[in-house]
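Dear colleague,

I am handing over the structure below. My notes on what was found in it follow.

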Amino acid sequence: ATRPPVTSQAASRDQIKPVNETAQEEAAKSKRDARTWEAKYQALKNNRQASESEQLKSMQSAIMRHEEEKAAAAQKISSLESQILQETHRAGMLQVQLSSVSNRRSDADKRMQSGPLMDKIREIDDA
């Protein structure tokens, strides 16, 4: 019941089988690693795209807010310009009225200085 000596051909088969199994295991592991890295790459790529998309949406939102604020400011400026024109017109009308009142007062003062009453007052003062 002794074993026959291993021939070189049998030894080769025994060595080939483990090498082949090892190669298959390594190939399977490489495929798993490749799938893992591909999944990680896709996840990073998707995260980056989502982040860029979120940044773009945020920037678009900020631009829209800025445009709305700009439109509101333009409306306010237009309203203030209209008020300024109205107030300028009103001030001009008041200036005309003031000038008219001033002229009437001046005319009244002249009449008072030269009327019969003033002549009497002067006579009294001179006496």
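**Salt bridges and surroundings**

Glu52 is partly exposed, with a relative accessibility of 38%; the classes are buried (under 20% relative accessible area), exposed (over 50%) and partly exposed in between, with a 1.4 Å probe and protein chains only. Its partner in a salt bridge is Arg48, where the closest N and O atoms are 3.1 Å apart. A salt bridge here is a side-chain nitrogen of Lys or Arg within 4 Å of a carboxyl oxygen of Asp or Glu. Arg48 is exposed, at 57% relative accessible area. Both Glu52 and Arg48 belong to helix 1, four residues apart, about one turn of the helix.

Some background on the source. This is a predicted model, in which local features need pLDDT of at least 70 and side-chain atom pairs count only at pLDDT 80 or more, while totals for chains, interfaces and linings use all residues. Residues are numbered from 1 along each chain as its sequence is written, and side-chain values use heavy atoms, with hydrogens and water left out.

The chain contains two helices and zero strands, taken as DSSP runs numbered from the N terminus (helices: H or I, at least four residues; strands: E, at least two). Helix 1 covers residues 8-114.

The search of the whole structure gave five salt bridges. Besides the Glu52 and Arg48 pair, they include the following two.

- Lys29 and Asp33 meet through their side chains at 3.2 Å, N to O. They are four residues apart in helix 1, so about one helical turn separates them. Lys29 is partly exposed at 44% relative accessible area, and Asp33 is partly exposed as well, at 34%.
- Arg90 and Glu87 form a salt bridge at 3.5 Å, N to O. Because they are three residues apart in helix 1, the separation is about one helical turn. Glu87 counts as partly exposed, at 46% relative accessibility.

Turning to the rings, the charged end of Lys40 sits over the ring of Trp37, 4.7 Å from the ring centre; the criterion is NZ of Lys or CZ of Arg within 6 Å of the ring centre and within 35 degrees of the ring normal.

As for the chain overall, buried residues account for 2% of its 127 residues. The chain exposes about 12000 Å², of which carbon and sulfur atoms supply 57% (Shrake-Rupley method, 1.4 Å probe).

Regards
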